[in-house]
Amino acid sequence: MSSPIATWSAEGQERAQQLLALYPDKRSAVMPLLYVASLEHGHVTNEGMQQVAELIGVTATQVRSVATFYTMYKHEPVGRYLVSVCTSISCHLLGGDEVLDAACGAAGVEVGGTSEDDLVTVERVECIGACGGAPAVQVNYELIEGVTDIKAIDLIDWLRNTTPEVVLADELQQLFGGQKSFDWGVPEPDGAIAPVPAFGPYGSAEEGR
Amino acid sequence: MSDTTTVSITINGVDHEVEAGQRLITAAEKVGEYIPRFCHHDKLEPVGKCRMCLVEVEGPRGKQLVPSCTMIVNDGMVVDTESEVVEKAQEGVLEFLLINHPLDCPICDKGGECPLQDQTMAYGPGESRFIEPKRTYEKPIPISDVVLLDRERCVLCDRCVRVADDIAGDPLITFNDRGNHVQILTFPNEPFSSYFSGNTVQVCPVGALTSVDYRFRARPWDLEVTPTVAAHDTVQSTAEIHTSRGKIVRVYAAENDHLNDGWLSDRDRFSFAANHAPDRIVSPKRRVDGSFEDVSWPEALNTIAERLGGIAPERVGAIGGAHNTNEEAYALGKFLREVVGTNNIDAQLGDGFNAQLAAAVTPRATVDDVESAGAILVWGPDLKETLPVLYLKVRKAVKNGATLVVASPWRTGLDSIATSVVRYRAGSGQEVLRKLAQGSAHEDAAAALTTGPVVTLFGRASLSEDPRLAESVAAYGRTLPDARLMPLLTRSNVFGALDMGLAPDLLPGRVGIEAGSAGLDAMGMLGAAAEGALDVLFLVGSDPVRDCPDPALAAKALDQADFVVAIDAFVTDSSAHADVILPAALWGEVDGTMTNLEGRVQTVSAAFPPRGQAQSLLEIVRDLAAIMGSGDILPKDTDTASSSLANEAPAYAGVSRESIFFESDGTGVVVPTGAGTQPLGYIPTDAAVPVVTDRFTLHFAPSLYDDGVITRHAESIAGLVPDVTVRISPRDASVLAVSDGASVVIDDFLTLPVTIDADVAQGSVVVPFNQVATKGLIAASAVSVEPVRGDV
Amino acid sequence: MSWFSDLLGPFEGFAVTLRQIGKGRRVTRKYPEEKRQKPERFHGRHVLNRYDNGMEKCIGCELCAGVCPAECIYVRGADNPPDDPVSPGERFGFVYEINMLRCIFCAMCVEACPTQAITMTHLFEFSVTDRDDAIYTKDELLVEPDGTPNHPQPDNPLIDLGELREGDGWLRATSPAGRREYEGVVAWTPSARTGTPAAELGQSAERDEDAEDSDG
Amino acid sequence: MTDPILTARMEANRTDSNTIDRYLETGGYEVLKNALASMTPEQIAEEVKASNMRGRGGAGFPMGVKWGFLADSDPKYLVINGDESEPGTFKDRQLLERDPHQLIEGIVLASYALGVNRAFIYIRGEYPKPARRVQRAIDEAYEKGFLGDDILRSGFSLEVSVHLGGGAYICGEETALLNSLEGRRGEPRLKPPFPAVEGLYARPTIVNNVESISNVPWIVANGGTSYAAIGPERSAGTRMFSLSGHVNKPGNYEIVMGMTWRDLIYDVAGGIRDDRALKTWIPGGASAPWLVPEHLDAPLTIDDATTLGTMLGSGAVVVMDETTDVVKAAHSIVRFFAHESCGQCTPCREGTKWLQDILERILRGEGREKDIDLLLDVSDNISPGLTWPPAMTTICPLGPSATAPILSITRYFLDEVKAYIPVSEVAGV
């Protein structure tokens, strides 16, 4: 019998094995494995959920039950850059809705839609923990604080024109950000390579491309 | 558990003494204070999700609203179930449940028996204040061949999820999405293929889960309910037949805590369609020039009587009777032994084991013993495939803390929860058993069988297994601490039939026949008929060509016999050979009693008269005996049959339809076994079973949905037969040089695709029994397996 | 009190008759040539109605059968054929029969009906020569797509369908009380609707388009 | 003013407070070394209990007492709740990003005190950067022998790993968090059993907030009584407040409780932007009922907040100036709770969305006069009596939280709500 994830990349398979070994109960690895499956398939697909189910020994239905509970698992294809605009209370007070409108306009999409060139998806999200730097935006979960509607348009244009391989929060903050919640400290070398949170040895990339 | 101390609680100002440890909602109900509920179900773990059962309980911080389904009663608890706050909460919850409910009650199958309707009437607000658009979903979507899902109606009570996951162990239906969009769903393109899916329909408190069979067939107010048992297997779950205008429209489980806990398998639940199958035999038929023509009952019976006249009794035999009621079986036995004068009677088809062991093994376990066992050994047929409700009981026992040992040549449904699995090569069971008993191997299995009471469930794992192995397993089981034994025969009322003496060496009431006068068993009769030593053969609802281990012999026997009488509801591969076919009444059309695998006698009832001219077996043999001039020997109806039986069979004394009804609260009466009280108390011995050492040994085991006559005629489950493949171990596959999906030839005639399966013991070949694709395969221990070359 | 008045007693009744001669209207009619106007709420026999587009209103819910005190109604529901639904929603009345010999014309079926599918007309002449003919089947009960009631004996000279269209019972049959705003709303609604109901989504491609159009 | 406890290091080292070198250089892991060498687990637990610190996650339950409930049966688990998702709150993000070693040292001390050998840090999925920094810090700590087998040759071992969430506010509720960590839907569990008895994998488990655990090194170093001496009784210690909204200086501030709201908003946070007037503020995250200028001089303690019918919750203060449309603001919060409801119990699943729908209809100008009563009655059906702390018809407090803004706008700004209702509707009733 072959491994259910034989079609995954070598890094993906290695990461999956690490995750399975990490927890006292394999089932705990469902959520991180779904991120890995997202990277492998572009989003959470039925096939991906079945593979994860087989890896941890539960039914695919149970995996889907988890995968649909959390909003960060995308069940439809999203653009290369997932732009998440916060409109929760602090951002709402300081213009988050305008930023969202501007980003949608620049990308030419409705909220939740993906631009025709498949590069940018703009979504509305609830609080992303940057209330001190409201309004806040994330690109592939890398944060930018103090965004204005005009900067949001610039951000979308920049993403489309430069199509960065790795999304780096510090770079984006410098280009399109404003007031921050607090000092960020030393620049972060890691960034996101896909619309999946960049965490762990597979899924983020060191600066230097 | 045995500790039955009580606590005193106050409900609505009235003091009550209630059993400690139970949930408040249950305690209140027992003292007559009904608290409304949706998610609460007696047989399921509490989840407290619907919030319908909120009551006020006095606490350190004053009265607080708490869900009564999760609250355990404690001494001095002061509860208010009718306060203003409670009533407001109930109204609020019902309004919340209804705002997105489609209110399509007029066309909803649940309308009329719907807890949501009833509780809205009793506790709900008069009208809704909701004017926003309702949540809509596509409706309904089929989630399996037998169940439909309407998410708009769902109140998300979690009952179906808990039944599928906690009870059945098939978590194939779960919640999806979040918040206001939560919905019950199965995985896309993966059906809810549980053997127990129908239970979700029965427990659903709204019309969200409905069955394909019942959909739009009737409304609850025009149903007639007939209590009976689900007679498809020997568990004989307590059930109800629901009829509308003379047709069965659905079968529901009844709650019997000693047996099925209110659950049924889908086969039990959905096989009723066979009663109304268009190709049922509804009038007597006689073979004329090779084809059947309809004849009248007198003509048919006269033909048989004439043929029986002047024939030596030992040249007459009868196979079958396992599908009939005890009274019918009793009458059949009396007819054969006293009117015809033969002991050639067998309710088994060579697929079981020693009839005396099955009928009178001691000490015999009850299903309650299984539930409360310290350890369980299952060495026999796959319970999930053959006795699904007993499988649920074993699961429950394991959940209660019992250890479980499963011995089987191939993966069974219980393996995933077993403490230890003994995987042995088909044909080598005896050797493995010896080692287990001696402690020279399988130490972990032996270690798991040390906490008493140990219940041994023994039977024949496959048709190709030596029937004497069951004897040895039982003998071993008897040596375990506080041992109880449960014989596993699987066919319908076979235990009742054996108790009624439908065996070559048994008389009614578990009385053995004196040595030397035993008749032929089923295989013996078939062999004799094939050699011309038997002239007249009665097939009583049996299909030996499909169901016995040697189909070729059965076919030859039916050809060679001079005269074959089939008492059957369908033309089968066997009854097609008959000279006369008599239309038999089926389950649901006959009154009587049945006996299950623990010896529990329950009543079965006719929901409507037999189809067409069909008659009960009792009526058939009674009329036949009358024509033969011995009408006074046989009982004239069910009641006289049971009183006559009681006189003759001490074990069944006092067990009548009436006494069961009045004494058992609908749960049935267990006929006691054990030396001293019984004429026969069978003590199993270690049998001498030869070990088969051929290159390949066959494991020829039944699955739940097979090509049996009832399954075949029940439209909704007929399509559920599994894909038929030959399973072999990876080692054998590499030796044979076949890959997954390649074809092999078994015994030089049956070509089937191969599935390589790590759960198959090396040297064994697993083939499903009684499927269209495996028709004709002889259940011998050793088989030949050759790869088909040249296919891709 | 005299013997004389006793003698006249039997004739007193004639006095009433004599007094009435020449007064009042003539009530005898030349039925069936001449027909009398039925009261508005006259309970004649039932019809099964349709929506304007010809779809049947009956959804086979059996509430009429359930409520019928004479147990004279037999209904069986069935799944609407997905491509050619008989009624809006999932279910339609597959079998619908009324035994007019048993019916007591109480109209409780009309009250129970959630879609106003069954209503009563002013039709009252339905003598039969065979008891079986008194069981009206769905074909006979269902009005024509143009709204004309059916009758098992169309050629019976006793039947004047034209007259019956004027009656209130018939008006109720063709213009059920319902709310316009529900027209074209793709969802089953428990109240009766006027006009053309849209089919459930998924019932047919053609109807899906209609439904979406009418949404906007 | 007491010196800051949690933020001193990051204030002093604005760029590299997260690195192990800087941490060690500023006295990091010294407490651990001393404790492992000279203190028993019971002594540490005693200090924490003596500190009277109340949990910083929102519920405010004394941490030492909670520890005392942990059933003594191995294995036990410690889970750090870093699922900070309450709108207005971003303090844990700073602690995770800027001083992860302080947290890790706290975890090792807590684990030692609790007899735990396996700890998890659950960080919300939208925080990949804090998660990376914590992971790096964990790697460094392993390297230096502060984590792993036989820590500092004390015989005590501890494994720590980071678990990333998937985007669900409800996972901040401790039992939902445990379900999530077990690979299930993040639905709150029924209590009892409490996690301290049956938590992660049905084992005894302590769930503590990031800020709470980050305080442990200081408490162990300086003694529980010195911590308890800071600030008012029953609101001991310093506490991180996240200020956001229309203030001049939004950000996280570590303060000693007991000051007035006026001090906090006008002094600490620099007053209202553009010198506008203060209209209202949310004192403790989106779940908390709002306060208005008449409350400005009330002291900022847990108990005083309760007296005012609200709470300090997670320490998130969202300030709204006179230009704020409170109906829209309330809608934003209600929408948040409807979006984040797990959906398992009826009142929350149906009620929060209904409240959102009604508010949206009112904002569209289609409101009816009776909708105000309807809003309150629906709220009442989720949280009977609309009192504080809330009574609940729900399993967890998420549903009742959604009623806080409804209650606030109808209590203080009823005219503004009515202004949205068309005149004809008002007259028509």
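## A tour of the A–B interface and chain C

Start by selecting chain A and chain B: between them they bury about 1,200 Å², with 54% of that on carbon and sulfur atoms. Buried area here is the accessible area (1.4 Å probe) that two parts lose on being put together, summed over both.

Before moving on, some ground rules. This is a predicted model, in which local features need pLDDT of at least 70 and side-chain atom pairs count only at pLDDT 80 or more, while totals for chains, interfaces and linings use all residues. Residues are numbered from 1 along each chain as its sequence is written, chains are lettered from A in the order in which they are written, and side-chain values use heavy atoms, leaving out hydrogens and water.

Next, select the touching residues: 14 of chain A meet 15 of chain B (contact means heavy atoms within 4.5 Å).

Then colour helices α3 (46-56) and α4 (60-67) of chain A, the elements that give two or more residues to the side touching chain B. Of these, α4(A) supplies the largest share, five residues.

The chain C average is 71, and 68% of its residues score at least 70. Select residues 163-216 of chain C, where pLDDT stays under 50.

Technical notes. pLDDT = per-residue confidence, 0-100. Helix = DSSP H or I, 4+ residues; strand = E, 2+ residues; numbered from the N terminus.
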